[in-house]
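Below is a briefing on one predicted protein model. Please read it alongside the sequence and the coordinates.

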Amino acid sequence: MVPDVGSGSKDGDSTEGAAPRPKRRRSQPLKVANQIPQSRRKEIEKALEDAQGTPKRWSRKDGPKYHRFLRKRIGQGKVRQIEFDLLDVDIGESWPIPITVVHGARPGPVVTLLGALHGNELVGPLALTYLCGPNFLGEDKAIDPAAMAGTLRIVPVVNLPGYRRQSRYMTDGRDLNRSFPGKPESNTTSRVAHRLWNEVISGSDHLIDLHTAAVGRTNMPQIRANLADRASNRIARAFGIETILDNVGPKGSLRKTANEAGIGSITYEGGGSNEADPESVQVAIYGILNVLRSLKVLPGYPSRPRFRILASGSVWIRSDQGGLLDVLTPAGSFVEDGETVATVTDPERPGDSYDILSPTRGLLISTATHPFVNAGTPIGHLLPVTRGVRTLRKRLDPEGCLVTSGSDGEPPWREDDDVEDISVAGEWSGGSPDAEWGRNEGDPADDEAGEADPNWA
Ligand SMILES: [Zn+2]
């Protein structure tokens, strides 16, 4: 099943024979931008003013015929699976990872999609494997490079050694997403980062890096981007979900390093590590399709959220006591000032319990999932919301959680147990189900005339 991506039509360039399409979407998304201070807003606006035109190499006339990648040439309208070694060695483990390159029939931007930079974060591998599969654009609609502009580099699992060990880290215990751009003669993680940076990331125009929360917590779907970076701002909004955290990213992170090199880059966060959270996967797929449509890599129209929360600050809620945690308001909850978000109990002191209250009204974008807490353990990550509250409340489910755009459509997959069988009783009377209905007068003699005639559809 394809996630609901709104009015996106498959054939955006052709209007022949189709109903006239609306010129604009129904309403502009409301901005709940009060979280961004005035000074930062000016900075962002200034960055967006420096508009550049479309690069010449994307024009139909001057675009290259081939996409060069890892010393290979991928022809127009072609898909190739390429193996890339994370380490350059003659003997021993080189950690080859699969990369799918889809080179469109028309010139356009190079968009790189990455999963599992942290090896135990499975939302990226699941979403990207799905996108590489037969249902990219819906049931039985694999991606069609002939209908595509630009190039996709899809890397479902970047940190292969971490993924195999179900660990966030590389084998030397270092964090790959704090090691960019890396060095060729340094430690293992730094070498891998250096090779990735120079061979896989370089030459990209845009980057979408898919993550989940680290062990012990879970994130509601959200985008992190430096909104003062023009190309990042564009794809952060184009992703089409409500919550965007405006920051430059940690030192050594791929996102920050990419921005410094002029590559528009966003991080998607959804769900927790070591789990296959279908809703977060669904939102990731929805967002990627929105970005690709917005960049005109894919035909069709991107969906947009009803509103956006552009946040440049947040509050960590911490426990002041130790014990066992019970979170009452899951990630995505809109909580009131003073609302009890969790309780802590201690098995050695039955009957005693301690309430953790929200310090302000806002959206809880992350919560702890691990029950063991000490004094000082963070149990929630809160975006204070002061304006746009009424708008936000309209998108809350009955439990008070924000329904992120893209999460309320059809799930990207369904277990067989989830499919309800509906019995229709009766018998095959008056002819078998395979019996022919006879040919239309005047139709060419063709057994499939019924299917070929549009009046039968
Ligand atoms: Zn991560």
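Helices (H or I, at least four residues) and strands (E, at least two) are DSSP runs, numbered from the N terminus. This is a predicted model, in which local features need pLDDT of at least 70, side-chain atom pairs count only at pLDDT 80 or more, and totals for chains, interfaces and linings use all residues. Residues are numbered from 1 along each chain as its sequence is written.

**Helix H4**

- H4 covers residues 188–201, 14 residues in total, and spans 18 Å from its first C-alpha to its last.
- That is close to the expected 20 Å at 1.5 Å a residue, where the expected span is 1.5 Å times one less than the number of residues.
- The buried residues of H4 are Thr-189, Ser-190, Arg-191, Val-192, Ala-193, Leu-196, Val-200 and Ile-201.
- A residue is buried if 20 or more other C-beta atoms lie within 10 Å of its own, exposed if 12 or fewer, and partly exposed in between, with C-beta atoms placed from the backbone.
- Their cover includes strands E4 (78–85), E5 (96–103), E6 (106–115), E7 (149–155) and E8 (206–211), along with helix H6 (254–260).

**Whole chain and confidence**

- The chain contains nine helices and 20 strands.
- Of its 457 residues, 42% are buried.
- Among contacts with a separation of 6 or more, 70% link residues 24 or more positions apart; two residues are in contact if their C-beta atoms, placed from the backbone, lie within 7 Å.
- The average pLDDT is 84, and 78% of the residues score at least 70; pLDDT is the predictor's confidence in each residue, from 0 to 100.
- Residues 1–30 have a pLDDT below 50, and this stretch has 50 contacts in the model beyond near neighbours in sequence.
- The pLDDT is also below 50 over residues 411–416, a stretch with 12 contacts beyond near neighbours in sequence.

**Nonpolar core**

- The largest nonpolar core has 94 residues, and Leu-113, Ala-127, Ala-284 and Ile-288 have the most contacts inside it.
- A nonpolar core is a set of buried Ala, Val, Leu, Ile, Met, Phe, Trp, Tyr and Cys residues joined through C-beta atoms within 7 Å.
- Helix H7 (residues 278–294) supplies the largest share of this core, nine residues.
- The core lies between domain 1 (30–311) and domain 2 (315–393), because both give residues to it; the domain bounds come from an automatic or database domain assignment.
- Ala-284 is found in H7 and is buried, with 34 other C-beta atoms within 10 Å.
- Beyond four places in sequence, Ala-284 touches Val-123, Ala-127, Leu-210, Tyr-268 and Gly-270.
- Ala-284 and Gly-270 are 14 residues apart in sequence and 8.0 Å apart in space, C-alpha to C-alpha.
- Ile-288 is in contact with Leu-113, Leu-131 and Ile-208, leaving aside neighbours within four places in sequence.

**Strands E8 to E11**

- Strand E11 (residues 264–271) has eight of eight residues buried, so it is largely enclosed by the rest of the structure.
- E8 and E11 run parallel and are joined by six bridges; two strands pair if DSSP finds at least two bridges between them.
- His-206 has Gly-264 in E11 as its bridge partner.
- Strand E9 (residues 217–225) runs antiparallel to E11, with four bridges, and Ile-223 is bridged to Tyr-268 in E11.
- E9 is joined to E10 by three bridges, in parallel, and Ala-225 has Asp-246 in E10 as its bridge partner.
- E10 is covered on both faces, with Thr-243 and Leu-245 buried on one side and Ile-244 and Asp-246 buried on the other.

**Glu-242**

- Glu-242 sits in the loop between helix H5 (230–238) and strand E10 (243–246).
- Glu-242 is buried, with 25 other C-beta atoms within 10 Å.
- Not counting residues up to four places away in sequence, Glu-242 touches Pro-305, Phe-307, Arg-308, Ile-309, Leu-402, Thr-404 and Ser-405.
- Glu-242 and Pro-305 are 63 residues apart in sequence, while their C-alpha atoms are 6.0 Å apart.

**Four-stranded sheet**

- An open antiparallel sheet is formed by four strands in the order E17-E16-E14-E19.
- Its edge strands, E17 (353–357) and E19 (372–373), each pair on one side only.
- Five bridges join E16 (residues 340–345) to E17, and Thr-340 has Leu-357 in E17 as its bridge partner.
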